[in-house]
Amino acid sequence: MRVFVILPAAGIGTRMAAGGASTPAPKQFLAIGGVPVLVRSVRAFLAVPRVDAVCVAVRAHERERVEAQMLEYKLGPRVHMVEGGDDRQHSVGNALAALECDADDVVLVHDAVRPLIDPATIERTIDAVVKHGAAIVGLPAVDTIKQVERTADGAIVTATIPRERIVHAQTPQGARFGLMRRAFVEAEADGFSGTDEASLLERAGVEVAVVQGSARNFKITQPGDIELAEFYLGKATADSRG
C-alpha cells in the first residue's frame, strides 16, 4: 500500500482582495513567515515518511513559478505537478488521472491553503482510510447550528440542528484510490459538482469516517488569515523553546 497526496493549487483567491485592491499573488503563493503557503503545505506532507508522492495541481502559467519554488526549498523528487482545472473538482480529477495507483492505495486531497496541517493529523487520516476506506478531517461544531429558509426579507429559522450531529469539514480528505476514482468518474458522467471530495464519495455510496481536526488547520481565504497563521507559527516556536 502506498500513500499519495493531491494539493489542488489552481485557485485565484478572489476573497483575499480587501477594499477592492487585488493581492500581489494568489493566496497559495503568499508568504507566511517568509515561506510561501504552498511550500508549507507540501512540507507538511513530506514530513510524513508514509507519503510516497505529493501531486500539486497548478494552472499552466504558474507551473514555472511552482517548479522554481520546489527547487528553491529543495522539496525533492517526491513532489510532482499536474495541470489544474477551472475548479477544485477538475484539478483533483486531473491529478487522479495522472497518478499511477493501485486500487488499494491511499489518496489524500488537501487544500493547498491550509498550511498548518500537522503530521499527526495526517497520520491519523491515513490510518482511518486504511481502516474505513474513506475519511475526512473534521472539527466539531461549537456554536448552535440553525437551519434557515431564504426569503426576500432575509433568512428565517426553520430548525435547530443538534451540534453533536455536525462537524466542520477540513482537509485532508481521502479514500482508497479505487473508491475515489469511481466517485469522480460517476460525478463527471452525471454532471455533478460537489463542494469537496467527501460529497462525491457520499454520493457514490461510500461511508466516510471523521478524524478529529484542529483550529490551527484553517483555510486561508480572507484578509487577516495570514496574520492569524503568523500568530500560530509564532506560538508554536515559543512552545518548542519551552
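Arg88, Gln89, Phe184, Gly194, Thr195, Asp196, Glu197 and Leu200 line the largest cavity of this predicted model. A cavity here is a set of points on a 1 Å grid, over the protein atoms alone, where a 1.4 Å probe fits but cannot get out; lining residues have an atom within 4 Å of a point. The volume of the largest cavity is about 40 Å³, counted as the space filled by probe spheres set on the points. H3 and H6 each give the lining at least two residues.

| Class in the lining | Residues |
|---|---|
| Nonpolar | two |
| Polar (Gly among them) | three |
| Charged (Asp, Glu, Lys and Arg) | three |

Helix H5 spans residues 177-190. Its 14 residues reach 20 Å from first C-alpha to last, close to the 20 Å expected at 1.5 Å a residue. That expectation is 1.5 Å times one less than the number of residues. Helices are DSSP runs of H or I with at least four residues; strands are E runs of at least two.

Phe177, Met180, Ala183, Phe184 and Ala187 of H5 are buried (under 20% relative accessible area, 1.4 Å probe, protein chains only; exposed is over 50%). Seen down the axis, the buried residues fall within an arc of 135°, so they line one face of H5. They pack against H3 (88-98), E6 (106-109), E10 (167-176) and H6 (197-203), with contact set at heavy atoms within 4.5 Å. Ala189 and Asp190, on the other side, are exposed. Glycine 191 follows H5, with a positive phi near 70°.

Residues are numbered from 1 along each chain as its sequence is written, and side-chain values use heavy atoms, without hydrogens and water. In this predicted model, local features need pLDDT of at least 70 and side-chain atom pairs count only at pLDDT 80 or more, while totals for chains, interfaces and linings use all residues.

Key: The arc is that of the directions from the helix axis to the C-beta atoms. On a 1 Å grid over the protein atoms alone, a cavity is a set of points where a 1.4 Å probe fits but cannot get out, and a pocket is an open set with protein on both sides within 12 Å along at least five of seven lines; lining residues have an atom within 4 Å of a point.
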